[in-house]
Amino acid sequence: MNSKIIPVLCLFALLSLQNFAGIHLAGFSRVMSSTAKTGPINPKNGQYANYSFLVYSYNGTLISSGYINVTYKSPTVPMQGCINATMDSWMNPFPLSTSSWEAVNTSDRRIVEHSSNIWSGIGYYQLWIPLLVAVGDDIAWWITPDANATVMDAQMLSLPNRTIDCWRVECVAVGVSPDPKELNETAWFDKLTGHCARYIINNTDGYYDLSILETNIIAGKRVHNLNTGLNYTAIQEATDAAETLNGHTIFVEEGLYYENLIVNKTLSLIGENEEATIIDGNENGTVVLVLANNTLVTGFTIRGSGDKIVDGEHAIRCGIMVGGYETPFKSALIVNNSIKNNYFGVLLWYSFNSQLINNNLENNTYGVTLDSIFHSEIVDNNVSNSSIGISAQGALQSSISRNNITFNNIAGLRMQDSYFNTINENILENNGYGIDLSGSDSNGITGNIMTSNDNGIFLGRSNSNTLIGNNAANSFYGMRIRSSSNNTLRNNSMAQNYWNFAIDADYLSETIQDIDTSNTVGGKPIVYWINEHDKQVTTDAGFVAAINCSGITVKNVNLTRNNFGVLFWSTCNSTIENANISDNWVGVGLILSNHTKLNNCVVANNSEEGIVSMGDDNNITGNVIKSNGRTALWLYSSNRNIINNNTISNNGESSIGLESSCNNTITNNEILSNVGGISLYSFSGNNTIHDNTVFDSRETGIQLTFHSESNLIYHNNFINNTRQAYPESTNVWDDGYPSGGNYWSDYTGVDLYSSSEQNQSGSDGIGDIPYTIDRYPLVGMFSDFNATSEYRVQTICNSSISGFTSNGTSVSFNVTGEESTAGFCRICIPTALMNATYRVFVNGTEVQCNLLPCSNSTHSYLYFTYSHSTKEIVIIPELTSLIILPLFMIATLIIVTIFSKKRIDITQRAHTHSLRVRVWCV
């Protein structure tokens, strides 16, 4: 027999005698006892174990012992041991008894020896394990010399009420006679205390699984008042003792203390080891409540307050709470503690001059909560895995500095209604909000690093704060200022965020900030001008805002990844041109800004609107507005604007939307493949919408909702929209006769008659019957061309028209259509441009041209037909000079020859063909 185990076996026997025979043995003294919980040992059979828990001392070594009574199918068998356990077993037909015990060192209270003994009707096994050291250490076993046991690895062991960091040990041994069997045991030992947390024993006759529910070996008086020299078994006992006075120091040795501690004296509570000196609230309210000034709490793990609010009182669910509304103005120094698994990790409530330094707070519902505090410091703490890492409400003149705040799902640092505080040099990573201020003024936010948060810094209703040298990266918003004013920003960097910088305001006053170009977005300066005039933005700008300015020019810039690319607010007589404004929340905001020109820009891929206008008399011309998440161009309460010659495509809602906007002109825009075309919402009236082409809208080409009345809509081409029009109000859908209405690609009427009543023979390019809302629907697409700077030529044609030219005495253009189909064209020519007898040539051949009766002194209306082919069409006036006509014929022959060659090539490639049309007059 191994010599080292002999004392252990003797001790085991003596303990058994004392337990069951009541014999008092020399050298033994009972230190403490407690009754443990009852738990199921075999859920399958409904078996239960009742156990009590005793602690003894033997020759300076603390020994924990006890007994477990187990009811099996066979008669009750007493089982000796020191563990609180549940057992799940396969029972063999033989009676079984098992025991386990541990020897604990008095100096460090770690396990010296662990023994498991199993007796069955067919064998006897005893396993002995000395103090565990590290992974891979071999373990000595008594009973079988060739047996082995090894510390396999470290594992987290999940028990019903907590998770324990353990060493996992595996061992194999062979039992002794009369029927030796191989025995396998796996055991998990708590790294912190060394106690066996669980073991599984398995042999050919049965399987036994015992798990510790509680490790509660606190033997001896291990709480010491260093001033009086008195010793205590509990911390509360020490603090409440009459001999314990203000200013005393209470030293607590390592161990697990189930207490809800109330400190109402000015004391220094010092734990021996932060990780091993544990105060556990047992899920039953605040763990440490400090009600005295100048209290020190250091060197503890403080856990288990519970995570529920009882009767609305969150204050009774804290790891540490200092003060309270019933006992205000208390202060404490809380330093070098581990505070975890509480509802509120630390709550400073109506506290002043408190310090929370170098603590580790994790897995609390709320990490640090500061409620109505004054002149306190939260410094060098780690706060993680909470809903809100640090939450301050009503904080005044306090400092939150150099904390590492990570993985808090709502906010890393949230401050509400707090003033004159400093937030400096914190690291905030992987939180919801990084720094979130609401209703908080005159705070300093300096040198913080925010990475991978939903929002880096957010100011909401917070004024006169100073933000200097902060860095926000890889977040959804880098920095967002909402409904706040008079904040100062210097040397802040925002890069690689989805949106780098955002200003959200409802009123002009909320746009007033002091932001200079030392602040950057994506490495480019922020241009934020207030009350500036007649200035041009540099081309390297990354964000542009002009507030209450005039004469501002934004040109040749590339503006991306902010909530606005350009924001004009109360800014007038300014220009935005040749700019790329893409991948922002909103591309351009013209808020209460008038007489602004937005020309020749690309406004694309913005998440919401491409352009938002809430101003009057603006000119939005020649832009490409595409692939924006919602409406391409949104006008709200905007009047007398001109929206002209824009290409608007593939936007998520309407291409152009108006709400409460009147007297605007929407003309000559190409609107294709949007969800909706042109939309007029409530109280948008007296707008003129003409000469636009709207095609392939996935919903409606044009809609006018309730109270959008008295709008004039004509000369538009509505082509292949899922729903061409959705009118809910009374509007005018034509420009009278002979000007006409709109072209609708689904119109099924014919054009055999003319006149305002469509009752005279002869085609005029207008359908003979109305198109529901349109009295004079066009049977061909409408086009409008600049003949000169002063005069325009208009056509209604079932061909595509290109290459329009005019020299003052003639006009010419190409027409393209499907091969061998009939084409027609109605052309309107101002008489001031050309006024004579007209001749029309198609690919050099004169065709019949009808001057319609609707012609008048100001406009001539011509109607002619042709067949789509490879021939050129030319329309010329009759010449009075015989010399001019031959010259024209020679020129036409040359043109026809060249053009015909081109058309032969086209014929080989497609079934559409172009014709050249020329109109002359004398």
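## Reading the model

Residues are numbered from 1 along each chain as its sequence is written. Because this is a predicted model, local features need pLDDT of at least 70 and side-chain atom pairs count only at pLDDT 80 or more, while totals for chains, interfaces and linings use all residues; side-chain values use heavy atoms, with hydrogens and water left out.

The predictor's confidence in each residue, pLDDT, runs from 0 to 100. For the protein chain the mean is 80, and 71% of its residues reach 70 or more. Over residues 1-113 the pLDDT is below 50, and beyond near neighbours in sequence this stretch has 277 contacts in the model. A contact means heavy atoms within 4.5 Å. Residues 879-911 also stay under 50, with 37 contacts beyond four places in sequence. Where pLDDT is low, the predicted coordinates should not be read in detail.

## Two open sheets

Strands here are DSSP runs of E with at least two residues, numbered from the N terminus. Two strands pair if DSSP finds at least two bridges between them.

Let us begin with an open sheet of nine strands, paired in parallel in the order S56-S59-S62-S65-S68-S71-S74-S77-S79. Its edges are strand S56 (558-560) and strand S79 (743-744); each has a single partner strand, so one side of each is left without a neighbour in the sheet. Inside this order, strand S59 (residues 580-582) runs parallel to strand S62 (residues 602-604), joined by three bridges. Serine 582 has alanine 604 of S62 as its bridge partner.

Another open sheet has five strands in the order S82-S83-S86-S90-S89, with antiparallel pairing. Strand S82 (781-786) and strand S89 (850-851) are the edge strands, each pairing on one side only. Going along the order, six bridges join S82 to S83, and asparagine 786 stands opposite arginine 792 in S83. Strand S83 (residues 792-797) is then joined to S86 by four bridges, with threonine 795 opposite isoleucine 827. S86 and strand S90 (residues 859-867) pair over nine bridges, and alanine 822 has serine 867 of S90 as its bridge partner.

How many residues of strand S86 (residues 822-830) are buried? Eight of its nine are, where buried means under 20% relative accessible area, exposed over 50% and partly exposed in between (1.4 Å probe, protein chains only).

## Charged side chains

A salt bridge is a side-chain nitrogen of Lys or Arg within 4 Å of a carboxyl oxygen of Asp or Glu. A search of the whole structure finds 16 of them, and the table shows some examples.

| Salt bridge | N to O distance |
|---|---|
| Arginine 303 and aspartate 280 | 2.7 Å |
| Arginine 775 and aspartate 734 | 2.9 Å |
| Arginine 792 and aspartate 784 | 2.7 Å |

Arginine 303 is buried at 15% relative accessibility, and aspartate 280 is buried at 4%. Arginine 775, by contrast, is partly exposed at 49%, while aspartate 734 is buried at 5%. Elsewhere, Arg490, Asp514 and Asp516 are linked in a network of salt bridges.

Lysine 340 is buried yet has no salt bridge, and the nearest side chain of opposite charge, glutamate 362, is 4.5 Å away. Here Lys and Arg count as positive and Asp and Glu as negative, with His and the chain ends not counted.

Most residues other than glycine have a negative phi, and most peptide bonds are trans. Which residues go the other way?

Serine 442 has a positive phi near 60 degrees and sits in the loop between strand S41 (433-438) and strand S42 (444-446). Aspartate 534 has a positive phi near 55 degrees and is exposed, with a relative accessible area of 66%. The peptide bond from tyrosine 737 to proline 738 is cis, with omega near 10 degrees. Proline 738 is in the loop between strand S78 (723-727) and S79.
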